[in-house]
Amino acid sequence: MADLISPDFTFTQSNLQTFDYCRRRFYLRYVRKLVWPAQLVSDQQHVQDRDAGVRFHRIIHQYFLGFDPALLQNVAQADPDPRIEAWFITFLSSQMAHLEGTLYPEILYTTTVSGHPLSAKVDLLQLNGGLVKVYDWKTSRQLPKLPTLQKQIQSKVYPLVISRVYGRDAGEKFLDDLTLIYWEANFPDQTIEIKSTQAEWQKYELEITNSMALIHSLAEEEFVLTPDERKCAWCEYRSYCQRGKTAQSIEDFQETNLIDEEMKINGDVFDAFG
Ligand code: SF4
């Protein structure tokens, strides 16, 4: 057995999604721990979108921590990107700003799956009258399709971890279901909800267990380069892989569902202020 990573390596939706995107990318990022060596895209639009998303998340986090909304609105207004203020005004007038029950913003949960730690850092968790809801704020330019979101590892890791924490591992009443809610600041009336039950959690657990076992079993040479070279145009490691030196223009690449979630908003950025 290869085990290039520590047995107590903590799996997250971010690193599992990276493995799903490209085994080599996982190896370079999490085994070799190499810093991003190349520019992601040639235009600044993508970088601006990502950074604006991070700052918006920070303001929403502060809102749920109880900061004065008027003060936060001033912060949003002062932001060099006018979208931040527009998004925050949209948020304040949406039902998301008036959620009831016990709310936990930017909270990290960890459970153990098949002997390996599995963590989920959620934007907001709501406990209300026996209902458990997980909220994820997004600032996409295009509304993601439900099947695309359902396929993402995040949509499996979050329910699995939360169901463990508030279901089986809580030792009290079993949780029957929970709902993952994607709220898009650019499409506030088109909330996407993914409800899951015990049957789905078991499927997610099996899938994630298999991924964990596979990752731990691979030898260095088995962390192969993705056969889909279109993905490399978006990957900072392409110079390591001889997959091109020139950054891709976002205009030239419309299949954004191929982009790794970690590239859209780097999990490390959240960790920095989370
Ligand atoms: S450049 Fe391509 S093959 Fe190399 S790590 Fe990135 S996605 Fe994988």
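Student: What percentage of the 274 residues in the chain is buried?

Tutor: This is a predicted model. Burial is judged by counting neighbours: a residue with 20 or more other C-beta atoms within 10 Å of its own is buried. In this chain of 274 residues, buried residues make up 30%.

Student: How many helices and strands does the chain have?

Tutor: The secondary structure comes to 10 helices and six strands. As for contacts between residues at least 6 apart in sequence, 71% of them join residues at least 24 apart.

Student: Is helix H1 mostly covered or mostly uncovered?

Tutor: Helix H1, residues 13-21, is mostly covered, with seven of its nine residues buried. Those buried residues are Gln 13, Ser 14, Asn 15, Leu 16, Thr 18, Phe 19 and Tyr 21.

Student: How are helices H4 and H5 oriented to each other?

Tutor: One begins with the angle between the two axes; angles over 145 degrees count as roughly antiparallel. Helix H4 (residues 69-78) and helix H5 (residues 82-92) pack at about 155°, and their axes are 7 Å apart. H4 and H5 are therefore roughly antiparallel to each other. The crossing in which H4 passes H5 is left-handed.

Student: Which residues of H4 and H5 meet?

Tutor: From H4, the residues are Pro 69, Leu 72, Gln 73, Ala 76 and Gln 77; from H5, they are Ile 84, Glu 85, Phe 88 and Leu 92. The residues of this contact divide into six nonpolar, two polar and one charged.

Student: Where should I look for a positive phi in a residue other than glycine?

Tutor: Lys 33 is one case, with phi near 55°. Lys 33 is found in the loop between helix H2 (23-31) and helix H3 (45-64). A residue with 12 or fewer neighbours is exposed; Lys 33 has 7 other C-beta atoms within 10 Å and is therefore exposed.

Student: What is the setting of Glu 106?

Tutor: Glu 106 lies in strand E2, residues 102-113. Its phi is near 45°, again a positive value in a residue other than glycine. Because Glu 106 has 19 C-beta neighbours inside 10 Å, Glu 106 counts as partly exposed.

Student: Finally, how many residues surround the ligand, and which are the closest?

Tutor: The ligand is surrounded by 13 residues, the closest being Cys 22, Leu 225, Cys 232, Cys 235 and Cys 241. By class, the shell around the ligand divides into seven nonpolar residues, one polar and five charged.

Key. Residues are numbered from 1 along each chain as its sequence is written. This is a predicted model: local features need pLDDT of at least 70, side-chain atom pairs count only at pLDDT 80 or more; totals for chains, interfaces and linings use all residues. Helices (H or I, at least four residues) and strands (E, at least two) are DSSP runs, numbered from the N terminus. A residue is near a molecule or strand if its C-beta atom, placed from the backbone, lies within 6 Å of it. Ala, Val, Leu, Ile, Met, Phe, Trp, Tyr, Cys and Pro count as nonpolar, Asp, Glu, Lys and Arg as charged, and the others, Gly among them, as polar. Axes are lines fitted to C-alpha atoms, for helices over the stretch in contact, and angles run from 0 to 180 degrees between N-to-C directions. Angles under 35 degrees count as roughly parallel, over 145 as roughly antiparallel, 65 to 115 as roughly perpendicular and the rest as oblique. A crossing is left-handed if the near helix is turned anticlockwise from the far one by less than a right angle, and right-handed if clockwise. Two residues are in contact if their C-beta atoms, placed from the backbone, lie within 7 Å.
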